[in-house]
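Dear colleague,

Please find below the sequence and the structure that I am handing over to you.

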Amino acid sequence: MIFKLTEEQLAVRDAARDFAQTELLPGVIDRDEKQEFPTAQIKKLGELGFLGMMVAPEYDGGGMDTISYVLAMEEISKIDASVSVCMSVNNSLVCWGLEHFGNEEQKQKYLKPLASGEKIGAFCLSEPEAGSDATFQQTTAEDHGDHYILNGTKNWITNGNSASIYLVIAQTDKAKKHKGINVLIVEKGMEGFIVGKKENKMGIRASDTHSLMFQNVKVPKANRIGEDGFGFTFAMQTLNGGRIGIASQALGIASGAYERALAYSQERKAFGVPIFEHQDIQFKLADMATRIEASRLLCLKAAWLKDQGKDYSQASAMAKLYSSKTAMDVTIEAVQIHGGYGFVKEFHVERMMRDAKITQIYEGTSEIQKIVIARSLFK
Ligand code: CAA
């Protein structure tokens with residue numbers, strides 16, 4: 001076993017770190033306050049190749065490995081988790097799904113602009129009554145020979161308005177339960193496709209979360225990914241990789257908050273000494289550092305398994321379960337270490353604490369990760 005990153009992986013990490021410091025840090029508090037989608041920043045992220053990192057160069061992607069993706073996600077998330085969720089969804093839910101299960105025509109038409117960052121994608125699984133219980137799809141895709149008629153509502157869709165290409169999961173044959181579900185590529189502008197209300201969120205406030213409505217949307221059959229009935233398997237397999245992205249996002253939020261708390265503990269004095277001299281602060285920082293390192297190893301292990309072509313569903317669920325709890329606990333402690341300053345916006349850690357919470361909810365709640373892990377134990 002070799003714990004060593006390659007020169008290429010280190011270069012990706014450094015480029016992401018540099019981008020986050022120079023392009024994302026200025027304005028991050030303001031964007032959060034105003035719930036302003038970082039359009040210009042996302043455009044630059046795409047130009048640097050961070051929106052289609054793992055896609056093969058022949059489809060305009062970066063041809064990088066999943067380890068590089070984890071490293072980049074950590075660096076971007078240290079500074080701005082609203083940007084990194086857009087990056088994660090585009091990379092691991094939309095591009096990965098299209099590249100691995102789409103046909104050549106779909107890759108040429110849809111994957112290329114997504115991988116180059118020219119367009120942004122969204123993954124549409126959740127519904128008002130189907131969150132954790134993802135097989136309970138009420139959105140329908142009625143088969144009409146050469147096309148489907150799509151009807152229904154999707155909720156909490158990341159990149160809901162900023163996207164122009166949407167992967168929509170819908171039920172075609174109810175009798176077949178989850179084996180009667182399809183995934184369709186829907187383009188913004190198709191008649192009957194309506195972008196609904198924007199959510200006013202606790203965290204990742206600059207990201208673009210909407211409900212979507214489909215009212216008799218005619219979708220060509222050529223836009224179905226995979227065989228008839230493949231949609232649920234598509235969603236589950238895609239989410240296995242998505243969970244590595246969100247685990248890395250949680251890792252980044254935690255390490256960003258920890259770095260701020262560590263620096264603050266050396267500057268701030270109380271009772272005549274920097275607060276770092278107080279043992280309780282040392283213990284907090286020691287726990288934070290240890291849990292962050294454990295999260296990082298879980299994320300890298302899941303990424304490594306994926307790169308090796310091995311089964312990574314259990315590893316990605318473990319990485320997400322552990323890293324998201326770490327993010328929540330570490331950000332709470334970072335606020336505590338900052339005291340009164342931690343409670344105000346200028347010191348960043350209160351935003352990180354708000355951002356951390358969603359990592360325990362989206363792409364499968366912590367409870368769902370435990371189900372995935374528990375079921376894998378019996379295999
Ligand atoms: N990997 C691959 N296949 C999986 C899988 C996984 N992790 N989990 C389930 N499956 C497969 C099963 O093997 C089974 O296939 P077969 O019928 O061919 O054997 C099929 O899926 C159905 O599985 P179950 O019988 O276990 O179904 P279930 O209803 O009991 O439970 C679940 C499934 C794991 C709970 C699933 O519903 C689930 O993952 N729910 C969470 C959904 C989720 O993560 N939503 C996130 C929304 S997307 C998002 O948040 C994106 C964003 O914008 C940030």
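Predicted model: local features only at pLDDT ≥ 70, side-chain atom pairs only at ≥ 80, totals over all residues.

Helix 10 and its surroundings

Helix 10 spans residues 349-358 and is mostly covered, with seven of its ten residues buried. The buried residues are Val 349, Glu 350, Arg 351, Met 352, Arg 354, Asp 355 and Ala 356. Their cover includes helix 2 (28-34), helix 4 (66-79), helix 5 (81-101), helix 7 (231-267) and helix 9.

Helix 9 (residues 313-338) and helix 10 have axes that come within 8 Å and cross at roughly 160 degrees. Helix 9 is therefore roughly antiparallel to helix 10, since angles over 145 degrees count as such. The crossing of helix 9 with helix 10 is left-handed. On the side of helix 9, the contact is made by Ala 327, Met 328, Thr 331, Ile 332, Ala 334, Val 335 and His 338. Helix 10 contributes Val 349, Glu 350, Met 352, Met 353, Ala 356 and Lys 357. Sorted by class, the residues of this contact are nine nonpolar, two polar and two charged.

The axes of helix 7 and helix 10 come within 10 Å, again with a crossing angle of roughly 160 degrees. These two helices are therefore also roughly antiparallel to each other, and their crossing is left-handed. Helix 7 makes the contact through Ile 253, Gly 256, Ala 257 and Arg 260, and helix 10 through Val 349, Met 352, Asp 355 and Ala 356. Here the classes are five nonpolar, one polar and two charged residues. Val 349, Met 352 and Ala 356 of helix 10 take part in the contact with helix 9 and also in the contact with helix 7.

Beyond its neighbours within four places in sequence, Ser 316 is in contact with Asn 240, Arg 243, Ile 244 and Ala 302.

Cysteines

The whole structure was searched for disulfides, and zero were found. Cys 86 is in no disulfide, and the nearest cysteine sulfur, that of Cys 95, lies 11 Å away. Cys 86 is buried, with 1% relative accessible area. The sulfur of Cys 299 is 19 Å from the closest cysteine sulfur, which belongs to Cys 86, and this is too far for a bond. For reference, a disulfide requires the two sulfur atoms to be within 2.5 Å. Cys 299 likewise counts as buried, at 0% relative accessibility.

Positive phi angles

Trp 156, in strand 3 (residues 147-158), has a positive phi of about 55 degrees. With 45% relative accessibility, Trp 156 counts as partly exposed. Ile 204 has a positive phi of about 35 degrees and sits in the loop between strand 6 (193-198) and strand 7 (209-220). In contrast to partly exposed Trp 156, Ile 204 is buried, with a relative accessible area of 3%.

With kind regards

Key. Residues numbered from 1 in each chain as written. Heavy atoms only, no water. Axes fitted to C-alpha atoms, helices over the stretch in contact; angles between N-to-C directions. Helix = DSSP H or I, 4+ residues; strand = E, 2+ residues; numbered from the N terminus. Parallel < 35°, antiparallel > 145°, perpendicular 65-115°, else oblique. Left-handed = near helix turned anticlockwise from the far one by under 90°. Contact = heavy atoms within 4.5 Å. Nonpolar A, V, L, I, M, F, W, Y, C, P; charged D, E, K, R; others polar. Buried < 20%, exposed > 50% of the residue type's maximum accessible area, 1.4 Å probe, protein only.
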